[in-house]
Amino acid sequence: MVGAAVAAFVRAVYGRETELASTTLVSYLFAVRRFLRLAFCEAEDPMSDKHTSTALAVSRAQRVARPRFDARVPFPPSVVQAAVSDQFADLAIRAVCAVAWDGLCRLGSLIDEASPEGCRPLQLGALSLAGTATWPSATVVIQDKMSARGERVVLASDPGSAHHNPASCGAPFIVQRYMAWRSARASGPLWLTRGGLPVTRAMVAALMNRHARHGSRITGHAFRISATSWLYGAQAASLERIACLGRWHKASSVVTYIRETGCCDLRAEHAAME
């Protein structure tokens with residue numbers, strides 16, 4: 001299957017059979033290699049469950065074999081800004097949207113974490129507030145499938161901070177507002193709705209898709225892809241700056257998250273906003 005997927009990849013790139021960026025297809029091949037290594041070479045890794053890792057590798061290979069299909073299409077910042085500003089939506093869901101965009105996060109990593117009992121909601125202690133009343137900041141410790149030891153998502157409102165996202169939708173401020181309510185409640189899941197339910201990916205997707213345009217469907221991974229594409233294509237941020245914001249170890253890794261087909265649309269929206 002992997003051999004067939006590689007052949008399809010080569011035909012798609014050199015035969016111009018796909019509308020997707022070549023970096024998109026390359027990212028699939030890197031993911032296949034990564035998940036196969038997790039399955040058979042890294043016994044101490046939490047992702048070493050061979051069934052899960054192999055299934056992930058196969059799914060990525062299938063994406064390469066079907067290069068025209070990618071549900072994780074980038075969305076413009078106007079969509080997330082509309083979702084975050086939606087006064088009829090639950091504050092916790094709006095805060096998750098803001099953090100996922102500003103922190104270039106995979107939605108699943110921001111909402112769930114691994115535990116001895118399996119997957120559970122990210123807990124309250126994972127988030128801490130800092131900064132000042134004028135320039136609030138926050139840190140969220142998440143577990144990511146590519147970095148099982150944890151990552152520190154730093155959200156800074158101060159434009160002078162290295163962690164400030166120039167395309168921010170105000171995550172530090174809405175998190176500060178949310179935590180004023182959440183910290184008065186019992187410990188447990190970090191993201192709780194007013195009704196006491198843990199926020200799920202389906203809740204976030206429902207809010208985002210309510211504000212999406214042209215009938216497009218937004219997925220959890222699209223936050224990381226969209227913010228990266230927007231920073232690179234419309235904000236002209238350097239790969240090094242994006243790598244810092246998205247916690248990539250190498251700036252070259254950022255390239256696989258840039259959707260060239262999406263950058264044109266994002267640049268057009270950016271020009272319309274000015």
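A cavity is a set of points, on a 1 Å grid over the protein atoms alone, where a 1.4 Å probe fits but cannot get out, and its lining residues have an atom within 4 Å of a point. The model shown in these views is predicted, so local features need pLDDT of at least 70 and side-chain atom pairs count only at pLDDT 80 or more, while totals for chains, interfaces and linings use all residues. Residues are numbered from 1 along each chain as its sequence is written, and side-chain values use heavy atoms, with hydrogens and water left out.

**View 1. The largest cavity and its lining.** I111, P121, L122, P189, L190, W191, P198 and V199 line the largest cavity. The space in this cavity is about 30 Å³, a volume being the space filled by probe spheres set on the grid points, which are joined across faces, edges and corners. The lining comprises eight nonpolar residues, no polar and no charged ones. Here Ala, Val, Leu, Ile, Met, Phe, Trp, Tyr, Cys and Pro count as nonpolar, Asp, Glu, Lys and Arg as charged, and the others, Gly among them, as polar.

View 2. Helices (H or I, at least four residues) and strands (E, at least two) are DSSP runs, numbered from the N terminus.

**View 3. E151 and R247.** E151 belongs to strand 5 (residues 147-156) and counts as buried because its relative accessibility is 12%. The side chains of E151 and R247 are joined by a polar contact of 2.8 Å. Such a contact is a pair of N or O atoms within 3.5 Å; within protein, one must be able to donate a hydrogen and the other to accept it, and residues adjacent in sequence count only if both atoms are side-chain atoms. E151 and R247 are 96 residues apart along the chain, with 7.5 Å between their C-alpha atoms.

Conventions
1 Å grid on protein atoms, 1.4 Å probe; cavity = no way out; pocket = protein on both sides within 12 Å on 5 of 7 lines; lining within 4 Å. Buried < 20%, exposed > 50% of the residue type's maximum accessible area, 1.4 Å probe, protein only.
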